[in-house]
Amino acid sequence: MSTDETIAVIGSGPAGLAAALALRAVGKPVKIYERYASPKPAGNILNLWPPSIKALECLGVDVDDIGAPCESTFRNHRDRLRADVHISEDVVRAYGGGFIGLLRPDLFTRMLAALPDETLVGEHEVASFEDHGDHVEVRFIDGTSVRTPLLVGADGINSTVRRKLLGEAPMREHNLHVIGGYTFDVPDGVDTRKAIIRHSRTVQGSYTGVRSDGRDGAEWWFVEAMDPAAPAPTSLHEHSIELAKEFPADLQQLVARTDPAHVIRWPIRDRGVPPREWARGRVVLAGDAVHATSPYAAYGAGMSIVDGYFLGQVLATTDLSDTAAVEAALQTYQAHRVDHCSDQVAQAYMLGRTFHHTPAILRPIRDFMLDRTPFLQKQVGDKNPAEINAQLGLMGRDLFHPAKARA
Ligand SMILES: Cc1cc2nc3c(=O)[nH]c(=O)nc-3n(C[C@H](O)[C@H](O)[C@H](O)COP(=O)(O)OP(=O)(O)OC[C@H]3O[C@@H](n4cnc5c(N)ncnc54)[C@H](O)[C@@H]3O)c2cc1C
């Protein structure tokens, strides 16, 4: 067994990379153990809200021109405006836009560029761990193990660390899937500084601008109800072309111009309501391991990155040899994160139910309300962006200067 005082982060997704960057930034030695040889971005399309951009910047990640800053609106499939997502001018100015559209591999490239190569240890799949009070022993499936003063479980929705720490949490199927792609062959009429989220009676058909390596493009996606036991459509691209037919020409053209190799499908699921307990002893969870979220939030990766930021902040001045101090810091981290992330998980689930699982007989009434009342404006146009951007204040100036008023 190797023994040292290095923090062990499990998983090299957005949560693990952010946690490692934050811990390094506050002077804590850290290693990431990843089951694959190298980090694998889970897909292509991504949008980030301002708190994640602030976190990335504070963690030393180059966020210059990282994506397309987009203004977002919700519309019906005939393009009638339902909600305008309000982000204050000062936030837009400070963080390069309300909603940043980017390609997921670009985020990984930039986060990895900010970490020394030796931080990442590939082909190390965690099998189990034991918290011995003054240290944790982490065991890998190849039979090797390490000792660490702190174990960060950032191992995603099927987290081994969470299962051992808190027990099994059943998977919650949303009976939805997302099919999405991207193209740099942008048709006239598509504004790559806009995110347009449209819903028909049964399908969401949306797009946002993206930037990658200085090129402007667009990513698009559909969300529709599906039976998780049913096979995927034979051709995702052909299926998307069909779905696009009930939406305006801009989306139809984007789909038509997309290379079928750039189209991916994801069944949507989470682990239900996140636990109130995110840490026990010297073990703590971050990212989808503790708050797997429907993409309706477009915030799962964002929350994961901000988790890492807060972990760095609470551990910045903590003596890792002092078990009580470590536990107290982790409780502070949990207190900052649990309500906000739980609310986001709940809201994302609720939106998926409302848009895709309302009984057919009630859909005309639902759509009348969405078209003619301020319901959606209040929820997704005003309340949700205000809650997300309130994180900017809680995050304080940087890792070493937390905001005074804490949750
Ligand atoms: C279709 C879709 C669209 C989305 N869009 C957005 C969006 O626009 N904005 C946004 O913010 N979020 C979005 N999300 C959510 C986002 O992708 C996730 O919330 C995010 O990837 C979670 O990051 P993570 O690091 O917690 O987990 P993951 O990205 O799942 O990473 C976990 C890592 O742990 C590793 N691992 C797992 N088990 C072990 C083990 N036992 N030992 C070692 N390593 C292990 C895995 O290989 C992986 O590298 C979207 C999700 C989907 C499906």
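**Reading a predicted chain**

Guide: This is a predicted model. In the chain, the mean position of the 43 positive charges lies 5 Å from the mean position of the 52 negative charges.

Visitor: What does the secondary structure of the chain come to?

Guide: The chain has twelve helices and 19 strands.

Visitor: How do strands of a sheet pair?

Guide: In general, they pair through backbone hydrogen bonds, and the pairing is either parallel or antiparallel. In this structure, six strands form an open sheet with mixed pairing, in the order β8-β3-β2-β12-β19-β18.

Visitor: Which strands stand at the edges?

Guide: The edge strands are β8 (120–121) and β18 (279–280). Each has a single partner strand, so one side of each is left without a neighbour in the sheet.

Visitor: How many bridges join β2 to β3?

Guide: There are four bridges between β2 (residues 7–10) and β3 (residues 30–33), and the two strands run parallel. Ile-7, for example, has Val-30 in β3 as its bridge partner.

Visitor: How does the radius of gyration of the chain agree with that of a compact globule?

Guide: A compact globule with 407 residues would have a radius of gyration near 22 Å. The chain has 21 Å, which agrees. Along the principal axes, its C-alpha atoms fill a box of roughly 60 × 45 × 40 Å.

Visitor: What share of the residues is buried?

Guide: Buried residues are 56% of the 407. The accessible surface of the chain is about 16,500 Å², and carbon and sulfur atoms account for 52% of that surface.

Visitor: Which contacts join residues at least 24 apart in sequence?

Guide: Of the contacts between residues at least 6 apart in sequence, 76% do.

Notes:
Residues numbered from 1 in each chain as written. Predicted model: local features only at pLDDT ≥ 70, side-chain atom pairs only at ≥ 80, totals over all residues. Heavy atoms only, no water. Rg over C-alpha atoms; globule rule 2.2 N^0.38 Å. Buried < 20%, exposed > 50% of the residue type's maximum accessible area, 1.4 Å probe, protein only. Contact = heavy atoms within 4.5 Å. Areas by Shrake-Rupley, 256 points an atom, 1.4 Å probe, with all protein chains shown as cover. Lys, Arg positive; Asp, Glu negative; His and termini not counted. Charge placed at Lys NZ, Arg CZ, Asp CG, Glu CD. Pairing = 2+ DSSP bridges.
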